[in-house]
Amino acid sequence: MATLVDAETILARLKSAGIPSYRMESGAGSVFTIKAGMSLEGYDIFVSEKDAERAVQIIK
């Protein structure tokens, strides 16, 4: 689980490596994002399957 700052940092690192990615609130996090302005459940990062192995190496 990533905080919003963690998620944005990871997205920036992936983008600079040329890997398209996006974040999504974990679990019921989208409800909390609407109500509280942030996800209490954290964020998940998604990349295409073909970029997954490379993305893992970049975020380690």
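**A residue in a loop, and its chain**

Once the neighbours within four places in sequence are left aside, D51 is in contact with I19 and P20. The model in which this contact is seen is a predicted one.

**The chain as a whole**

- Read from the N terminus on, the elements of the protein chain follow the order α-β-α-β-α.
- Of the 60 residues in the protein chain, 22% are buried.
- The protein chain exposes about 4,300 Å², and 59% of that area is supplied by carbon and sulfur atoms.
- When contacts are taken between residues at least 6 apart in sequence, 49% of those in the protein chain join residues that are at least 24 apart.

- D51 has a relative accessibility of 9%, and because buried means under 20% relative accessible area, D51 counts as buried.
- Although D51 and I19 are 32 residues apart along the chain, their C-alpha atoms are separated by 6.7 Å.
- I19 is likewise a loop residue, placed between α1 and β1, the latter covering residues 21-25.
- With a relative accessible area of 2%, I19 is buried.
- If residues up to four places away in sequence are not counted, I19 touches L14, V47, D51, R54, A55 and I58.
- For I19 and V47, which are 28 residues apart along the chain, the separation between C-alpha atoms is 7.3 Å.

**How helix α1 and helix α3 pack**

- Two packed helices are described by the angle between their axes together with the distance between those axes.
- Helix α1, made of residues 4-16, packs with helix α3, made of residues 52-59, at an angle of about 120°, and their axes are 10 Å apart.
- Angles of 65 to 115 degrees count as roughly perpendicular and those over 145 as roughly antiparallel, and α1 and α3 are therefore oblique to each other.
- The crossing in which α1 passes α3 is right-handed.
- On the side of α1 the contact is made by I10, R13 and L14, while on the side of α3 it is made by A55, I58 and I59.
- Sorted by class, the residues in the contact of α1 with α3 are five nonpolar, no polar and one charged.

**L11 in helix α1**

- L11, which lies in helix α1, has a relative accessibility of 14% and so counts as buried.
- Apart from its neighbours within four places in sequence, L11 is in contact with S21, Y22, R23 and I45.
- L11 and V47 are 36 residues apart in sequence, and the distance in space from C-alpha to C-alpha is 9.8 Å.

**D44 in strand β2**

- D44 is found in strand β2, and its relative accessibility of 34% is why D44 counts as partly exposed.
- Not counting residues up to four places away in sequence, D44 touches Y22, R23, M24 and S26.

How values were computed:
Residues numbered from 1 in each chain as written. Predicted model: local features only at pLDDT ≥ 70, side-chain atom pairs only at ≥ 80, totals over all residues. Heavy atoms only, no water. Axes fitted to C-alpha atoms, helices over the stretch in contact; angles between N-to-C directions. Helix = DSSP H or I, 4+ residues; strand = E, 2+ residues; numbered from the N terminus. Parallel < 35°, antiparallel > 145°, perpendicular 65-115°, else oblique. Left-handed = near helix turned anticlockwise from the far one by under 90°. Contact = heavy atoms within 4.5 Å. Nonpolar A, V, L, I, M, F, W, Y, C, P; charged D, E, K, R; others polar. Buried < 20%, exposed > 50% of the residue type's maximum accessible area, 1.4 Å probe, protein only. Areas by Shrake-Rupley, 256 points an atom, 1.4 Å probe, with all protein chains shown as cover.
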